[in-house]
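User: Hi! I am new to this structure and would like to learn how to read it. Could you walk me through it?

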Amino acid sequence: MEESISSILEGHHHDPTRLMDILIDVQDETGFIGDQAVAQIADGVGLSVADVEQTRSFYHFFSKKPTGKYAIYLNTSVNACMMGHDAVARTFEVEAGIPCNSVTRDGLIGLFDTSCIGMSDQEPAAIINGKIFPNLTPFRVKELIRDIREGKSVDELVVEGYGDGQNSNSDIRAVVNNNIRKIGPVLNPNYKPGEVIRKKLPEMTPQQVIDEMKRSNIRGRGGAGFPTGMKWEICRQAESDEKYIICNADEGEPGTFKDRVILTERPKLLLEGMVVAAYATGAQKGILYIRHEYKYLKTYLEKLIEGAHKRNLMGRDIAGIKGFDFDVRIQFGAGSYVCGEESALIESAEGKRGEPRDKPPFPVEKGYLDKPTVVNNVETFCSAVKVLLYGAEWYRSFGTTDSTGTKVLSISGDCRYPGIYEVEWGFSVNDICGMAGAEDVMAVQVGGPSGSLVSPSDFDRVLCYADLSTGGSLIIFNHSRDLLQDVVLNFTSFFIEESCGSCSTCRIMPVILRDKLIKILNARGVKQDITDMLSWAEVLKASRCGLGQTAANPIITSIHNFRHLYDQKTRGEARYDTGFDLNKATQEAMMATGKFVMSE
Ligand code: SF4
């Protein structure tokens, strides 16, 4: 093992900023990252053991103990649970003979829970040694465990055949389907890679590129909606010898999977968008940060980057433009939802724990390695290419005045046609339900757990930055679902699991809210509990990043839009004495022990 780690360190030039890559390789190669490995890595990159341990312990897919020859990670997201997770999980446990989150005594099989893996349109799904196995059934699980015990390789476990489009490419070979249901400017297959780099950039100054972005009114597609042209301009104006372009492909919001499809089917468009941003801002280096769950795309994407170099679409003097040098490297995450937050993503790309930074300064002033950095979403880069290709006027002809262009949606849940839809901004929730073949709809979760649980009375509301803003995840629930038990509890538990733990509000309050919700679900709640939850949720808004600030949204929006569900499960009066004064009751004891005196 020592030798393997040495060669991994060598392969990454003993660079401490590449700690994530080093840990990923050690985990892949040896199945775990034990204390001895941490010490060797720390020595090899010149960091303290504590520094390496901090990063190792932060990410879900790094393990201190062996994870088994076959490490099975079974998704526990809302969609997985709706589509039969429990029966699949039970079968895994029975067939493997172990409870979840443990390893068989012979070290053959490890079985673990994991949050959304980006397969919401084909759940229940699991990752086995990096390979995706979607649409699982108890029958299929029995086959998998039987084949594992017979010693088949992970590739040999595949009996379904590979998925549609590039999923069957020899560099991917994934049992995953794209499910592209509706195409628009971003997903349109009639695209000539490199056309904008070769034909448009040589004719335009960087400022003209930025001006075109500003005229198009394109805004970031990650959910926050910051104007792209303005972001690029601030970065361009920042004085620095080095600048970076980062693509955030760390979609971890339960219910979202559109980046997976774009990375599979339109990766050249995405890479071209990063090159355009580099030209506009003066950046020399780019990082494509991809969530760990999509690691099966690694070879495919690396070859495309290599191909772009060969065609002079990356590298030096790109498209013959003297001095325009730009290169992209891929950085994989290791299982952490909060790394979707741009400053946490930067920390992670630097090899650290993915903890969000205090802002300001913003990444555009002080980002990766403290250099000015543009972080944009996959879809934003793709759209930017089309803005330059067809012009700002053309782009503004899609969508609404405030929200121009299109939005790629990941639609899942109770509908006949789950998948990817590219629609113009301004589509209503009703339009979406109709388009996806959803019937008897009770609620739609717009924007993932951090968004809103919308009731039928609001189905005429539209997707746009001014109304229902969304990063693209929409989950449909019909009347067979128990919204509080199946949805709100699952989402709240998700936030508890994914909090980085830095802020006391985000570390503690979602746990208290979840316990209160469980009390209500167990029919022990009173009306005061609902009032308490709403007022306690306010405390969470003081958290440092969006995760904590929105962690109470499943509870808040469900109370606002589905109050009757809470009322049905709660009694009017508390059975305990709500007038109890804790301060008064303990004051005498506090004074007697001399610890402290409670103030009035
Ligand atoms: Fe971490 Fe939560 Fe604070 Fe964000 S809000 S920094 S996730 S503890």
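Analyst: Here is a short tour of the core, the ligand site, some helices and a few backbone features. This is a predicted model, in which local features need pLDDT of at least 70 and side-chain atom pairs count only at pLDDT 80 or more, while totals for chains, interfaces and linings use all residues. Residues are numbered from 1 along each chain as its sequence is written, and side-chain values use heavy atoms, with hydrogens and water left out.

User: Which residues touch the most other members of the largest nonpolar core?

Analyst: In soluble globular proteins, nonpolar side chains tend to be buried together. A nonpolar core is a set of buried Ala, Val, Leu, Ile, Met, Phe, Trp, Tyr and Cys residues joined through side-chain atoms within 4.5 Å. Buried means under 20% relative accessible area, exposed over 50%, and partly exposed in between, using a 1.4 Å probe and protein chains only. Here the largest core has 145 residues, and the members touching the most others are Ile41, Val209, Trp232, Leu288 and Tyr566. Helix H12 (residues 267–281) gives the largest share of this core, 10 residues. Helices (H or I, at least four residues) and strands (E, at least two) are DSSP runs, numbered from the N terminus. Another core lies apart from it, with 23 residues, including Tyr70, Leu108, Leu111 and Val141.

User: What does valine 209 touch?

Analyst: Contact means heavy atoms within 4.5 Å. Not counting residues up to four places away in sequence, valine 209 touches Leu201, Met204, Trp232, Val276, Tyr279, Ala280 and Leu388. Let us follow one of these partners. Leucine 388 lies in helix H15 (residues 378–390), and leucine 388 counts as buried because its relative accessibility is 5%. Leaving aside neighbours within four places in sequence, the contacts of leucine 388 are Val196, Lys200, Leu201, Met204, Val209, Glu212, Met213 and Val276.

User: Where does the ligand sit, and which residues are closest to it?

Analyst: The ligand sits in the largest cavity. On a 1 Å grid over the protein atoms alone, a cavity is a set of points where a 1.4 Å probe fits but cannot get out. A molecule sits in a cavity if more than half of its atoms lie within 2 Å of its grid points. Around the ligand are 13 residues, and the closest are Cys500, Ser502, Cys503, Cys506 and Cys545; a residue is near a molecule if one of its heavy atoms lies within 4 Å of it. This shell divides into seven nonpolar, five polar and one charged. In that grouping, Ala, Val, Leu, Ile, Met, Phe, Trp, Tyr, Cys and Pro count as nonpolar, Asp, Glu, Lys and Arg as charged, and the others, Gly among them, as polar.

User: Is helix H14 mostly covered or exposed, and what covers its buried residues?

Analyst: H14 (residues 342–349) is mostly covered, with seven of its eight residues buried. These are Ser343, Ala344, Leu345, Ile346, Glu347, Ser348 and Ala349. Their cover includes helix H2 (19–30) and strands S7 (244–249), S8 (285–290), S9 (327–332) and S10 (373–377). Just after H14 comes glycine 351, with a positive phi of about 95°.

User: Why is glycine 340 classed as partly exposed?

Analyst: Glycine 340 is partly exposed because its relative accessible area is 30%. This residue is in the loop between S9 and H14. Beyond its neighbours within four places in sequence, glycine 340 is in contact with Asn248 and Asp250.

User: What covers the buried residues of helix H3?

Analyst: The buried residues of H3 (residues 35–45) are Ala37, Val38, Gln40, Ile41, Ala42, Gly44 and Val45. What covers them includes helix H1 (2–11), H2 and helix H4 (49–58). On the H4 side, Val52, Thr55, Arg56 and Phe58 are buried, and they pack against H2 and H3.

User: Which residues are joined by cis peptide bonds?

Analyst: For a cis bond, look at omega. Glutamate 123 and proline 124 are joined by a cis peptide bond with omega about -5°, and proline 360 and proline 361 by another with omega about 5°. Proline 124 is in the loop between strand S3 (109–114) and strand S4 (126–128), while proline 361 is in the loop between H14 and S10.

Definitions and conventions:
On a 1 Å grid over the protein atoms alone, a cavity is a set of points where a 1.4 Å probe fits but cannot get out, and a pocket is an open set with protein on both sides within 12 Å along at least five of seven lines; lining residues have an atom within 4 Å of a point.
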